[in-house]
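Me: I should like to learn how to read the features of a protein model one at a time. Please begin with the general idea each time and then turn to the case at hand.

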Amino acid sequence: MAEVETDARGTWLRLDRSAFYPTAGGQPNDEGELAGARVRAVESRGSEVWHMLGEGHVPAVGDTVIGLIDWERRHTHMQRHSAEHLLAQAFVRVGAARGVTDGGIPGFHTRSVSMRSADCTIDLTGSPDDEALAEAELEVNRAARRSMPVLTFEVDDARLGDYRLRRPAQVSGLVRLVAMGDYDIVACGGTHVSNTAEVLPVKVLGAESVRGGLTRVTFRAGNEALHDYAAKHAVLREVSPLLSAPIVEVPARVRALMDRVSEVESTLIAAFKHDAERLAERLLDEAGTSPQGRPRLVVSALAEEQAGSSSHSSNDSSVSRGAWPYWVSEPERERASRSSPAPAPKWTFGQRCRPP
Ligand SMILES: [Zn+2]
């Protein structure tokens, strides 16, 4: 153990060397144990890697410590990240085949990535349509199935021109390259699987336009893609019998159901309107006219069910009977009686007709 530090977040250790991956390049840090204590966070400060520990014994400087990395978590991150390499290359190829270029270079090109959750994203130049997205998904799975070895090696930046890098290296000096068979090669300091088949399957989930004229493509890889498939399949298996339809017919059945609901709603609204008009007739008949023969204002509070839709209106013919029909909601009637501010009524409808 080389150094220890404490801040508001906790106790931090620096080792002379560490296998823990710090948060970097859109990939979350490793977790696990160090000297028997839980590793809560791993961050890099320049070339140094610092580990934040949970509760437990803090070793002394000079002690030899053993670290255990949470392999499930690390392997998931490796699947996400390696799939991102392959998918980025797939989009270059799919874009190039369609004659798409960026700055004169063929293909859809990756500008940034995020792998902080199961739904990973890559931001691409250009606007791949649904067909291009589907092609890229086929392409990336086809490439991964070739079971290509993933090789990591370092070269001097003066020799970078010997390699067909997917994008220019951002670092100088000794540069770490990651090659996935003959399919993709790029400078990268992240963690990767050892064989491309480990990222299978890769599923493109969707795309949206984002700032800078880029397209954000969301995908899942490996175990997380399988879990997603299982969860969505379980939903469809539950819904399908409810609709008495095989899974492939679920969308059509749901659309037909929504059309039917809309039809029933229209019928109900028509029925409410009819009832409201009959009610208006009755109220006006009961009100009669004032002794001066002037029209009366008829006010009646209705239950919400009676009111139905706010689009209901009274029958204009009622005016000829010498009264103004006007309905208000219960809250509004209370407000009128108290003559004080009250919350807005839940609903109100009515029509004030011109006197004859
Ligand atoms: Zn990488």
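Reply: A residue counts as buried if 20 or more other C-beta atoms lie within 10 Å of its own, as exposed if 12 or fewer do, and as partly exposed in between. The model shown here is predicted. Because Ala19 has 13 C-beta neighbours inside 10 Å, Ala19 counts as partly exposed.

Me: Where does Ala19 lie, and which residues is Ala19 in contact with beyond four places in sequence?

Reply: Ala19 belongs to the loop between E2 and strand E3 (32-34). Its contacts, leaving aside neighbours within four places in sequence, are with Gly67 and Ile69. Asp30 is 11 residues from Ala19 in sequence, and the two C-alpha atoms are 9.0 Å apart.

Me: How much of the protein counts as buried?

Reply: Of its 356 residues, 28% count as buried. The secondary structure comprises six helices and 17 strands. Among contacts between residues at least 6 apart in sequence, 60% join residues at least 24 apart.

Me: How should I read a sheet, and in what order do the six strands of the open sheet run?

Reply: Strands of a sheet pair through backbone hydrogen bonds, in either the parallel or the antiparallel sense. Here the order is E1-E2-E5-E4-E3-E6, with antiparallel pairing. Strand E1 (3-7) and strand E6 (67-69) are the edge strands, each pairing on one side only. On average, neighbouring strands of this sheet are turned by 35° against each other, direction ignored.

Me: How many bridges join E1 and strand E2?

Reply: Five bridges join E1 to strand E2 (residues 10-14) in the antiparallel sense. The two strands form a hairpin with two residues between them. Asp7 stands opposite Gly10 in E2, and Val4 stands opposite Leu13 in E2. E1 is hardly covered, as the count of buried residues among its five residues is zero.

Me: How is a helix to be checked, and why does the span of helix H2 agree with expectation?

Reply: An α-helix has 3.6 residues a turn, so residues three or four places apart point the same way. At 1.5 Å a residue, the 15 residues of helix H2 (residues 130-144) should span 21 Å, and the end C-alpha atoms are 21 Å apart, so the two values agree. The buried residues of H2 include Ala132, Ala136, Val140 and Ala144. Helix H1 (71-97) and strand E14 (202-210) are among the elements that cover the buried residues of H2.

Me: Which residues of the largest nonpolar core touch the most other members?

Reply: In soluble globular proteins, nonpolar side chains tend to be buried together. The largest nonpolar core here has 38 residues, of which Leu86, Leu87, Phe91 and Val202 touch the most other members. Elements giving two or more residues to this core include H1, strand E10 (120-124), H2 and strand E15 (214-221). H1 gives the most, with nine residues. Leu87 touches Ile122, Ala136, Val140, Val202 and Phe219, not counting residues up to four places away in sequence. A second, separate core of 11 residues includes Leu15, Phe20, Val39 and Leu53.

Me: Where does pLDDT stay under 50?

Reply: Over the protein, pLDDT averages 85, and 83% of the residues score at least 70. It stays under 50 over residues 308-325, for which the model has 49 contacts beyond four places in sequence. Residues 342-356 also stay under 50, and for them the model has 34 such contacts.

Methods: Residues are numbered from 1 along each chain as its sequence is written. This is a predicted model: local features need pLDDT of at least 70, side-chain atom pairs count only at pLDDT 80 or more; totals for chains, interfaces and linings use all residues. Helices (H or I, at least four residues) and strands (E, at least two) are DSSP runs, numbered from the N terminus. Two residues are in contact if their C-beta atoms, placed from the backbone, lie within 7 Å. The expected span of a helix is 1.5 Å times one less than its number of residues. A nonpolar core is a set of buried Ala, Val, Leu, Ile, Met, Phe, Trp, Tyr and Cys residues joined through C-beta atoms within 7 Å. Two strands pair if DSSP finds at least two bridges between them. Axes are lines fitted to C-alpha atoms, for helices over the stretch in contact, and angles run from 0 to 180 degrees between N-to-C directions. pLDDT is the predictor's confidence in each residue, from 0 to 100.
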